[in-house]
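Here are some notes to read alongside the model.

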Amino acid sequence: MIIPGSLCLILSTLAISQLADPWHREYTNEEATTIPVIALWQFHAGAELEDSSGHSHTLQLAGAQTCPNGKFGGGLQSFPGWPIKDERHAAVTPSHPDLSPTGAFTIDLWLQPSSELPLTGNCHLLCKKYVSHNDYQLLLTISENGMRRLQLVLG
């Protein structure tokens with residue numbers, strides 16, 4: 001589940017020869033489609049759920065929605081699930097071995113939390129270990145002082 005706000009998500013293998021990715025601007029052309037890029041969801045108008053990398057990891061919405069106000073154009077907006085409403089709020093792509101790299105990989109994510117971000121509970125930004133506990137997830141958690149903390153969990 002993705003927290004309220006918008007996001008652009010890039011999943012890529014670590015490119016040793018490339019010293020700096022263009023994380024501060026939108027990936028375009030070869031940056032979006034070269035070998036290291038596994039999946040790239042940019043939420044472009046008219047192709048909001050398409051994988052811009054060309055690898056066909058198309059998203060399906062489950063309670064979430066696309067929005068026009070992302071970092072580089074469109075984004076994804078989600079809403080609190082449990083305990084407010086026990087429904088899934090996510091963008092989902094079918095499982096594929098490419099999405100669980102065996103070696104080093106990078107996740108780029110632009111996140112804009114909503115002012116309506118719940119004060120309790122974890123926000124799942126990316127979850128690949130929901131039932132099996134053998135993969136990875138990226139969470140926005142609450143620390144002891146009430147501040148948010150980014151947490152990566154490996155299975």
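1. **An exposed serine.** Let me begin with Ser56, which is exposed at a relative accessible area of 62%; exposed means over 50% relative accessible area, buried under 20% and partly exposed in between, with a 1.4 Å probe and protein chains only. Ser56 sits in the loop between β2 (37-41) and β3 (60-62). Its phi is near 65°, a positive value in a residue other than glycine. Most residues other than glycine have a negative phi.

2. **What kind of model this is.** Please keep in mind that this is a predicted model, in which local features need pLDDT of at least 70 and side-chain atom pairs count only at pLDDT 80 or more, while totals for chains, interfaces and linings use all residues. Residues are numbered from 1 along each chain as its sequence is written, and side-chain values use heavy atoms, with hydrogens and water left out.

3. **Overall make-up.** The protein chain has one helix and ten strands, where helices (H or I, at least four residues) and strands (E, at least two) are DSSP runs numbered from the N terminus. Read from the N terminus on, the order is β-α-β-β-β-β-β-β-β-β-β. Of the 155 residues, 35% are buried. The accessible surface comes to about 9,400 Å², and 55% of this belongs to carbon and sulfur atoms; the areas come from the Shrake-Rupley method with a 1.4 Å probe, and for residues only the protein chains shown count as cover.

4. **Contacts along the chain.** Take the contacts between residues at least 6 apart in sequence: 53% of them join residues at least 24 apart. Contact here means heavy atoms within 4.5 Å.

5. Asn29 belongs to helix α1 (residues 29-33) and counts as exposed at 66% relative accessibility.

6. **A buried leucine in a loop.** Is Leu59 buried or exposed? Leu59 is buried, with a relative accessible area of 8%, and lies in the loop between β2 and β3. Leaving aside neighbours within four places in sequence, Leu59 is in contact with Trp41, Phe43, Leu49, Ala91, Val92 and Thr93. Leu59 and Phe43 are 16 residues apart in sequence and 9.9 Å apart in space, C-alpha to C-alpha.

7. **The β4-β5 hairpin.** β4 and β5 form a hairpin with two residues between them. Their pairing is antiparallel, over four bridges; two strands pair if DSSP finds at least two bridges between them.

8. **Aromatic pairs, part one.** The structure holds two aromatic pairs. Rings of Phe, Tyr and Trp (its six-membered ring) pair if their centres lie within 6.5 Å, and planes under 30 degrees apart count as stacked, over 60 as edge-to-face and the rest as tilted. Phe72 and Trp110 make an edge-to-face pair, 5.9 Å centre to centre with 85° between the planes. This pair links distant parts of the chain, 38 residues apart: Phe72 is in the loop between β4 (65-70) and β5 (73-77), and Trp110 is in strand β7 (residues 105-111). Phe72 is partly exposed at 23% relative accessible area, and Trp110 is partly exposed at 27%.

9. **Aromatic pairs, part two.** Phe105 and Tyr136 form a tilted pair, 5.1 Å centre to centre and 50° between the planes. Here too distant parts of the chain are linked, with Phe105 in strand β7 and Tyr136 in strand β9 (residues 136-142), 31 residues apart. Phe105 is partly exposed at 27% relative accessible area, whereas Tyr136 is buried at 4%.

10. **A lysine over a ring.** Lys71 lies over the face of Trp110, at 4.4 Å from the ring centre. The rule used is that NZ of Lys or CZ of Arg is within 6 Å of the ring centre and within 35 degrees of the ring normal.

11. **The three-stranded sheet.** Which strands form the open sheet? The order is β8-β9-β10, with antiparallel pairing. β8 (123-127) and β10 (148-154) are the edge strands, each pairing on one side only. From one strand to the next the twist averages 20°, using axes that are lines fitted to C-alpha atoms (for helices over the stretch in contact) and angles from 0 to 180 degrees between N-to-C directions. β9 and β10 pair over seven bridges, and Tyr136 stands opposite Leu154 in β10.
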